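Q: I have a structure to go through with you. Could we take it feature by feature?

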Amino acid sequence: MMERFPRPEFQSGYTIPNLNLSGINSFRFEYIDPLLLLVALILAALCVFKWRSRVGLFILSVFSLAYFGFYRGGCICPAGSLQNIILAWFDRSYLLPVTVLMLFLLPLLFSLFYGRVFCGSVCPLGALQDLVIFRPVRLPAWLTAALCLIPYIYLGLTVISVATGSGFLVCRYDPFIAFFHRSGPTTTLLLGSIFLIAGIVIARPYCRFFCPYGLILSWLSFFAGRRLQITPEKCIQCRLCESACPSDAILKPAEGIQKERKIDSRLGVRRLALLTLLLPIIIGVAAKITGELIKPFANANPQVQLYRQLTQLKPGGQQPVSLEIQAFRESGDSVTGLAKKAAAIWRQTQWGGWLLGGFLGFMIWLTLIRGAVIRTRDKYEPDPARCFHCGRCLTFCPLPYKTKPKIIIGTANER
Amino acid sequence: MKNNHEPVETNRRGFLKRISAVMAVLLGGGTLFLRAVRGAQPERTVWQIDPLKCNQCGRCADNCVQAQSAVRCVHQYELCGYCKLCFGYFRQGAPSLTEDAENQNCPTGALTRKLVEEPYYEYTINEELCIGCGKCIKGCTAFGNGSLFLQVRQEYCLKCNQCSIALHCPADAFRRIPEKSPYIIKRCHE
């Protein structure tokens, strides 16, 4: 770039100052964070499975909220780190920091072995919602099942958004980030307030019905070796745990369901066969519908939007142009190059929409199938996929756990 | 079977479930891991503005999640012409070329000047007052040497995973760059 005005020759001995920009915090918090996360996860697992202490979990969640939430600003959180992983997959120029990878993997690892201990007392968003549950209300089962589809949609849209370079959706629509930063756009503050106020009566609305990372945790916790057992032996079916759980995550034993609904086993088999035949139809229809609905999402991508604006411009040049078009013209990039990029993004989003639709169809099919599966459960226990391990059920179970003698599996003799 | 406080699924179904889960996780996680971590480095990336792409639209001042934007104006003195009639300092159509506020581009009075020797003035930015609106930079780039430019100041930046300003930049001027060298500085081409 040519300088319009040449550098002056100073006679008075003045020396031109150097532009000195430093200003990196010397203390590296991002190394401490995964370490503290590990410690918190270990403490959470201990509180749930060994000490069975709701008080311990409560203290841990207050600490998590204070440190990971307000002190560290709730960013980068494991939920957000999911996006960094996806970005590293799709964008070769982005190199994933190891610390972010650790933040992503640690809660998943613990979920695989111990269930969703992260959600209960370590996640700052979860801790914040947990602290405002004052009058939880039981939602009807159909509503819960419908709302539980939202995380799938959100996860799919997040992946598509990161893959097409449209930005990080989870960060953008994080409701509590404005509280953690103590400043933020008005829309975020409003959203956070709505979630917190709703959280007084509907327990953990973000965790149950929105969090995409929680979805992955729930898949892994389904396979967890250590399942949370509320009672050590014969459940007396008092249902105190069921009413204690604010998130409605306690599963009924099989006899209870069968007594309530009088399920005929032959009906169950026929329903299962019909549903299996319908599977490809459900997947196809869902893929088609989602493929159509994803189009406005594709249009929201900034490159696609810019291209559409450019092609819709009348050649007269009289109307005022947006800042984006001005910047594009100044940059000197070619319109054909932009057209190619926009077309590629459109294609990627379309495919993403079809895949997401197929996946959603499959999940809907699985939800429908649950009614036809034979259950062998004989006690009240938490649903491993939905239980946040907050420990409330443990305090309400009347059977004293700690004083029970050790249980020996598989033998009838007492020693 | 060892003694446990809780009964764990010990039957075949549970065992197979667990083994297949571990295998699936290792396979899926392993490929994800290897692909994502091929050049992994311990440094985090930070957001920065490419001053050659920036068109001084003014959105930097409005879109930061903080009340005072982490984007501030910086001055590359070696590029500056030290002009008495500075196009960054004085706004277009200023009634007179004195240092009254009505004649200045800067809405907060962050850009100040000091006489070095006639007719050269040294222009300095008070970072605490600067809000990153880019008005001075617009004048400097359009009519001057372009020694003023916007940068994300890392000591003020919260380093959000998704920069709110980056989302709204019309010129796509925001990039993630390594934390080790977090500034993109305009330099003299000599």
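Q: Let us start with Phe49(A): buried or exposed?

A: Please note that the model is a predicted one. Phe49(A) has a relative accessible area of 5%, which is under 20%, so this residue is buried.

Q: And what about Tyr114(A), buried, exposed or partly exposed?

A: Tyr114(A) is partly exposed, as its relative accessible area is 30%.

Q: How many aromatic pairs are there over all chains?

A: The structure holds 28 of them, counted over all chains. Phe49(A) and Tyr114(A) form an aromatic pair, with 5.7 Å from centre to centre and 45 degrees between the planes, and this pair is tilted.

Q: Which helices do Phe49(A) and Tyr114(A) lie in?

A: Phe49(A) belongs to helix H1 (residues 29-50) of chain A and Tyr114(A) to helix H4 of chain A, so the pair ties together parts that are 65 residues apart in sequence.

Q: What is the geometry of the rings of Tyr67(A) and Tyr71(A)?

A: Their centres are 5.9 Å apart and their planes stand at 35 degrees, so Tyr67(A) and Tyr71(A) make a tilted pair. Both residues lie in helix H2 (residues 54-71) of chain A, four residues apart, which is about one turn of the helix.

Q: Which of its residues are buried?

A: The buried residues of H4(A) include Val100(A), Leu103(A), Phe104(A), Leu108(A) and Phe110(A). Thr99(A) and Ser111(A) are also among them.

Q: What follows H4(A)?

A: Gly115(A) follows the helix, with a positive phi near 90 degrees.

Q: Which charged ends sit over rings?

A: In chain A, the charged end of Arg227(A) is placed over the ring of Phe222(A), 5.8 Å from its centre. In chain B, the charged end of Arg72(B) sits over the ring of Tyr156(B), 4.0 Å from the centre.

Q: While we are in chain B, how covered is strand S1?

A: Strand S1 (residues 45-49) of chain B is mostly covered, with five of its five residues buried. Thr45(B), Trp47(B) and Ile49(B) are on one side, and Val46(B) and Gln48(B) are on the other. In a regular strand the side chains alternate between the two faces of the sheet.

Q: Which strand is S1(B) joined to, and do they run parallel or antiparallel?

A: Five bridges join S1(B) to strand S6 (residues 174-178) of chain B, and the two run antiparallel. The bridge partner of Gln48(B) in S6(B) is Arg175(B).

Technical notes. Residues numbered from 1 in each chain as written. Chains lettered and ligands numbered in written order. Predicted model: local features only at pLDDT ≥ 70, side-chain atom pairs only at ≥ 80, totals over all residues. Heavy atoms only, no water. Buried < 20%, exposed > 50% of the residue type's maximum accessible area, 1.4 Å probe, protein only. Phe/Tyr/Trp six-rings, centres within 6.5 Å; stacked < 30°, edge-to-face > 60°. Lys NZ or Arg CZ within 6 Å of the ring centre and 35° of its normal. Pairing = 2+ DSSP bridges.
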